[in-house]
Amino acid sequence: MDSAAHTLEFEGGWLRAALRFIMPTVRRLLGNRSFTIGASLVVFVLLVACFANVLAPYDPVRSNFRLRLQPPGAGHWFGTDHFGRDLLSRVIYGGRLSMEIGLMAVLATGVFGTAIGAVAGYFSSLDGVLMRLMDALMAFPTILVAIVVSAMLGASVTNVIIALAVATTPHTARIVRSSVLVTREMQYVEAARALGAGDFRLLFGHVLLNALAPLIVRLTYVFAIAILAEAVLSYVGVGPPPPAPTFGNIIAGEREFMLTAPWAMIFPGLAIIVAVLGLNLLGDGLRDALDPRMRI
Amino acid sequence: MLRFALKRILISVPVLGLVSLISFAIIWMVPGDPAAAFLEASASPEAVAALRHELGLDQPFYLQMLSWYGRILHGDLGESILLHRSVGTAILERLPVTLSLASLALAFAVLMGILAGVLAAMRHGKWTDQSIMTLALLGLSVPDFWLGIMLIFGFAVGLGWFPTGGYVSPSVSFVGWARCIVLPAFSLGAAQLGFISRMTRSAMLEVLGQDFIRTADAKGLPRSAVVVRHGIPNALVPIITVAGIVAGGLLGGALVIEQVFSLPGVGRLIIGAVLSRDFPVIQGSLLFIALVYLSVNIVVDLLYAVVDPRVRLG
């Protein structure tokens, strides 16, 4: 093992060494059907979101009452809503905002979940307090937390992101903590400590790296949960306020016209399914390739 | 068993204390004055002051907290500002609706989920397995309220088999109740069904690979007997764990499903309270839901020992 590490270093430096670690994982990922299908779907949705201004045929918020509730047809592939706005354009732009909300929620959950989980797992003195607090938060259903927090703070895009982060952080913290608890006791960590590495360096340089795989998998699912939860928040009336479209508030805004214009609810719903299915498949693929222990 | 149960309940006490603190403190998340947030913008300062007094917001924080703990320890969840009645009574009145919805959804998700998962594991790698797993993943990816709307559209509006919403108590008409509850229960259970079937499949695959299954096969037992008598019982622990998580998902999902199907349950009470900022109802129902969830988890922990004698209670 030691000599292998030396040869690596002499043969091509750290880049080659890193590649030797990464390449098998990449190969495993590319050979995994869940991952490839999921990644393609997610990349597709993200690309559509990024290029919304190029792809959307119409302005998503401009109403045209002469074209109210038009069924899908040549001019409007997805039809129009009750303000006469083009639904395809709204779904495309809605994807942009929903993805932004989801990504920001993932980022916030990643940062807070990792920080709380790492501190709790590494510093035993804080473990009890932090984890009881996380347990208490987990005693409320995720969607209930998101609804109540968003409603209490007042409906806005930022508050929806905060609400989603509050709702998904406890479980993330728990996952990071359990990884840290295992890694903390490993010999290589002990070796690093013996070499004089401080807590900060041990935690961020050695221990947390091992929590990366389960964290990435969890955050992929958090992304999916965030998109579904945003839709629910919008539906019950505490989501991002209109007229800016999100997947959720397009559906919420059209529910009164369900009988006369079902397409206005069908297409945004299908868009949610594509995005969430992609993320779930991606999560499954990543889990199988990165973290076989979590395999289900 | 009794000792374990008591110990398990004791462990939950600190969490319970925190849960009630969070339920109480939620009112402090409102930017500005919660009393003013409840009333219209045009409300007079006197009206705001009166409501502040009613909610106890004019007292120092620690006194408010003490009085909250004092009340909940006596089983009093407070008084709704909007409904002018006890929060506890309002919840209890609506509980049968939510319970019947959630339990039907749970039964459906668990039974169908285990069946689908076992079938997928038995046909591992074949098209049956792949289609079941695709459907399960689809179930996990569909927003439950959207599925509900689509079901209303197809089965209630289109085919006219079910009402589009509303609730009939089973004591009034069992058939009427069943017709009202089938679509909501299906929409609520679909995601959980996907979750349980995936978990069952993986648990079964692990069990089916073990030596005692090979022995059972080798002594000539029919495959179905091997699976039912030796496979499923040994895969139950992870399945029950998931069923516990599912219970939380069902409680959360009921919030929005009751909204879609106009079911007068606890979920609608909470959403109504959240939208109108009826703080005592929000605080009381948060605590109530968390209590239910914690109790379900205690039951799940006890069930481990019942289904699997290898689990030691200590």
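Which helix of chain A does Leu19(A) lie in? Leu19(A) belongs to helix 1 of chain A, which covers residues 2-30. I start there and work towards the contact between the chains. Please keep in mind that this is a predicted model.

Is Leu19(A) buried or exposed? It counts as exposed, because there are 12 C-beta neighbours inside 10 Å, and the cut-off for exposed is 12 or fewer.

Next, chain B as a whole. It has twelve helices and zero strands, so the order of elements from the N terminus on is α-α-α-α-α-α-α-α-α-α-α-α. Along the principal axes, the C-alpha atoms of chain B fill a box of roughly 85 × 55 × 35 Å. The chain has 314 residues, and 40% of them are buried. Taking contacts in chain B with a separation of 6 or more, 72% are between residues 24 or more positions apart.

One helix pair in chain B, for detail. Helix 10, residues 223-260, and helix 11, residues 266-276, have axes that come within 7 Å and cross at roughly 90°. That makes the two helices of chain B roughly perpendicular. On the helix 10 side, the contact is made by Ala254(B), Leu255(B), Glu258(B) and Gln259(B). Helix 11 of chain B brings Gly267(B), Arg268(B), Ile270(B) and Ile271(B). By class, that contact has four nonpolar, two polar and two charged residues.

Now the two chains together. How many residues of chain A are in contact with chain B? The count is 38 residues of chain A, against 39 residues of chain B. On the chain A side, helix 5 (124-138), helix 6 (142-153), helix 9 and helix 11 (263-290) each supply at least two residues. Helix 6 of chain A gives the most, with nine residues. Sorted by class, this side of chain A has 31 nonpolar, five polar and two charged residues.

Last, the core. The largest nonpolar core has 171 residues, and the members touching the most others are Ile147(A), Val148(A) and Ile196(B). Helix 9 of chain A, residues 199-236, gives the most to this core, with 21 residues. As a general remark, nonpolar side chains tend to be buried together in soluble globular proteins.

Which residues does Ile147(A) contact, leaving aside neighbours within four places in sequence? In chain A they are Leu233(A), Val236(A) and Val238(A). In chain B they are Leu255(B) and Val274(B).

Note on methods. Residues are numbered from 1 along each chain as its sequence is written. Chains are lettered from A and ligands numbered from 1 in the order in which they are written. This is a predicted model: local features need pLDDT of at least 70, side-chain atom pairs count only at pLDDT 80 or more; totals for chains, interfaces and linings use all residues. A nonpolar core is a set of buried Ala, Val, Leu, Ile, Met, Phe, Trp, Tyr and Cys residues joined through C-beta atoms within 7 Å. A residue is buried if 20 or more other C-beta atoms lie within 10 Å of its own, exposed if 12 or fewer, and partly exposed in between; C-beta atoms are placed from the backbone. Helices (H or I, at least four residues) and strands (E, at least two) are DSSP runs, numbered from the N terminus. Two residues are in contact if their C-beta atoms, placed from the backbone, lie within 7 Å. Axes are lines fitted to C-alpha atoms, for helices over the stretch in contact, and angles run from 0 to 180 degrees between N-to-C directions. Angles under 35 degrees count as roughly parallel, over 145 as roughly antiparallel, 65 to 115 as roughly perpendicular and the rest as oblique. Ala, Val, Leu, Ile, Met, Phe, Trp, Tyr, Cys and Pro count as nonpolar, Asp, Glu, Lys and Arg as charged, and the others, Gly among them, as polar.
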